[in-house]
Amino acid sequence: MSSSSDSDAFEAASLSARAVGARGAPYLDDLNPEQRRAVETLDGPVLMLAGAGTGKTKALTSRIVHLLNTGRARPNEILAVTFTNKAAREMKERVGRMLGRDIEGMPWLGTFHAVCVKLLRRHAELAGLKSNFTILDTDDQVRLLRQLVQAANIDDKRWPPRVLAGIIDNWKNRAWTPDKLPASEASAFDGKGPALYAQYQARLKELNAVDFGDLLLHVVTIFQTHDDVLQQCRRWFRYILVDEYQDTNVAQYLWLRLLAGGHQNICCVGDDDQSIYGWRGAEVGNILRFEKDFPGAHVVRLEQNYRSTPHILAAASGVIAGNRGRLGKELWTETEEGEKVRLIGHWDGEEEARWIGEEIEAMQRGTRRQRPFGLDEMAILVRASHQMRAFEDRFLTIGLPYRVIGGPRFYERLEIRDAMAYFRVVTSPADDLAFERIVNTPKRGLGDKAQQKIQITAREHGVPLVEGARILLEQGGLGGKGGAELRKLIDGLARWGRLLGEDTVGHVELAGQILDESGYTEMWQNDKTPEAPGRLENLKELVKALEQFENLQGFLEHVSLIMDNEQAESGEKVSIMTLHAAKGLEFPVVFLPGWEDGLFPSQRSMDESGEKGLEEERRLAYVGITRAEEVCTISFAGNRRVFGQWQSALPSRFIDELPEAHVEVLTPPGLYGGGYGAAAGGVQNSVDARAARADVYNSPGWKRMQARAGQRPLSQPAETRNTVIDMKAVSSHTMGERVFHQKFGYGAVVGIEGDKLEVDFEKAGTKKVVARFISAADDIPF
DNA sequence: TAAAGGAACCTTTTT
DNA sequence: GGTTCCTTTA
């Protein structure tokens, strides 16, 4: 973009010029005809069906710029919602770049949740809240539910609060408030679900708190019950843009329909083939139904792919073609042919990691067929996060720099959550959940009994826990060391609260003070475990992060919404992430390991959602393949360690669905792994397995048929396989067998239930024990 | 009440 | 194999 046109755009937007039109708008010339249509169709509903890599973000941002440029809308009149903070940030940056300036003036560009928080703060009282409500994360949510479950005398072993949290989440995704729960849900959670849900909502109100689902649901309810608010919002948001529309759930869908109800200026972008969030309530139906929901909608299909080579595209299309009920798109590209998708099988997960490590190093140097690639041009995309460890282990040993994206998040770490709880109690003393978390951290000699006393006192007086604790101390109800420590804590909280109000101490300093004076910092300084130094580092980082905020409250809100790691880690590194996390990203080189039935497609997904689940898994495969620009390598392993146990698996059924013409089957170059575990058949295996690998592809479905016939799936030598299984096999015990247990000593097996044994011990009596902890009596060396 | 050890659970995917 | 929760023990 030339500098003169930049300033044109700037002028146009900032002076809110009436009709600059398309003149002097180079961003329009940059678009292909379909993209251009999507950008220029400003009135009425528009559905932009954008396949992978077709320039969807470009079209979306151009549309925003166009709205501003033509004077159709001012920055604050555009509502643009995304699902992730990353997407929102990227859009902001791109719009800013196109306009040639910051877009401070787009307050309504953000995630669904962030936008809803803003709206809800404004109208909190309509939802029975105060505008300074706190946002609970999953952890708080579960703890609160645990209290309710226990209070209702329900066995929280059989009915875990975590499960209830999931159920309630689901209800909220469907926009079911307690009074709108359909009868079909009455039996949920042992029939107590609906009642507990109502109690939970009531308790949240008492705590002046909301959970994630509430953010949307409260706003939807307000819209439905207060027409004036709805009308006002419709006037505010003259144009609505929605990213990743295929991922919207019912609540979000209602929210959008309500807002677009007047002017119908809504533009939804999405790709039904990339709908991968069904498990958290996304409804592909929303996008499939768009034309019915918004009559007269313009539908634009973006089908020219600018990302991947034809082979990669064809492979992806081949897989996704197995799904039914698609809107249907035909992706095409003008890029040069490139390499076929590469397929390779391995003996086990470790060998797979080893091979990929070596392959990455080779590609870094460059090969006969390919240019050299930088490490940050390469990514490994896995189905489930536990697969990452094999790669981390391997890369650490060979010293290959990597970065895990979407791993354990900064704000979810123990020490960070503790520190945050301190801040929360100081800023809102009614936050009982936060108080419970810190009352005995560090150890203050306030165990269960002392905490119960506080609870009882608080309940008697109908006050929050902090206040209850204060009263308890006044009454002299808690003496000794615990009492003194509690006094110190309560006094401290009062003091910090005053400092917060007085504004004499900066909030950054205050935060440091809270952590030091409460003894929290000291606790970690005295901790001898290896993690302690890291945790102290994190605390420092946390306090530093505060500098970017006006005050503690602002910071707390930021954290509750931005749960992702934003560290812009620099340096050349290979990326490792889940397929879900990879959506929206692209890499020249992509590795897709772990394509085995049960792992991918995930068994659980298929068990729980059947054909629907399988289709979502297939879309996940499609997302994975289409992340690759130049080289895409799919791999599977015949054996994998799961929970420390070896398990063998069959190659994924998706491998059979790859169109043969676009796939090249690799054979590993000779003998790695030889010399390693040769006794377990290392060498022989790799020879044998190699033959099979080629075979795998020659006759799709072969392995599964073999397997169904009860034969070995992957051409491992039968003996080897049996050895592996036998060695690791657990429950090979027989009734009456004499066995030994580390703790209970000798006994006889009197019952067998799966992997659990009932053993009559000579000294300890009859007990049920997991077979893993049992060995045959004569195995014990003396 | 806190520390230590054992048993059971676990692995989808996340705003 | 790793984590968390629960029991036992000091």
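**Figure 1. Length of helix H7 in the predicted model.** Helix H7 comprises residues 138-151, which makes 14 residues. After H7 comes asparagine 153, which has a positive phi, near 60°.

**Figure 2. The buried residues of helix H7 and what covers them.** Which residues of H7 are buried? They are Asp140, Gln141, Val142, Leu144, Leu145, Leu148 and Val149. An α-helix has 3.6 residues a turn, so residues three or four places apart point the same way. The cover over the buried residues of H7 includes helix H8 (161-173) and helix H9 (193-206), together with helix H18 (414-427) and helix H19 (432-438).

**Figure 3. The open sheet of six strands.** The strands follow the order E3-E2-E6-E7-E1-E8, and their pairing is parallel. Strand E3 (109-111) and strand E8 (298-302) stand at the edges; each has a single partner strand, so one side of each is left without a neighbour in the sheet. From one strand to the next, the twist averages 15°.

**Figure 4. Helices packed on the sheet.** Helix H4 (residues 56-69) touches strand E1 (46-50), E2, E3, strand E6 (239-242), strand E7 (266-270) and E8. The direction of H4 makes about 170° with that of E6. Helix H5 (residues 85-99) also packs on the sheet, where it touches E2 and E3. The direction of H5 makes about 165° with that of E3.

**Figure 5. Strand E2 and its pairing with E3 and E6.** Strands of a sheet pair through backbone hydrogen bonds, either parallel or antiparallel. Strand E2 (residues 78-82) pairs with E3 in the parallel sense over three bridges. Within this pair, alanine 80 stands opposite leucine 109, and valine 81 stands opposite glycine 110. E2 also pairs with E6 in the parallel sense, over four bridges. Here the bridge partner of isoleucine 78 is tyrosine 239.

**Figure 6. Side chains of strand E2.** In a regular strand the side chains alternate between the two faces of the sheet. Ile78, Ala80 and Thr82 point one way from E2, whereas Leu79 and Val81 point the other way. Is E2 largely enclosed or exposed, and why? Five of the five residues of E2 are buried, so the strand is largely enclosed by the rest of the structure.

Terms used: Residues are numbered from 1 along each chain as its sequence is written. Chains are lettered from A and ligands numbered from 1 in the order in which they are written. This is a predicted model: local features need pLDDT of at least 70, side-chain atom pairs count only at pLDDT 80 or more; totals for chains, interfaces and linings use all residues. Side-chain values use heavy atoms; hydrogens and water are left out. Two strands pair if DSSP finds at least two bridges between them. Helices (H or I, at least four residues) and strands (E, at least two) are DSSP runs, numbered from the N terminus. Axes are lines fitted to C-alpha atoms, for helices over the stretch in contact, and angles run from 0 to 180 degrees between N-to-C directions. Contact means heavy atoms within 4.5 Å. Buried means under 20% relative accessible area, exposed over 50%, partly exposed in between (1.4 Å probe, protein chains only). The expected span of a helix is 1.5 Å times one less than its number of residues.
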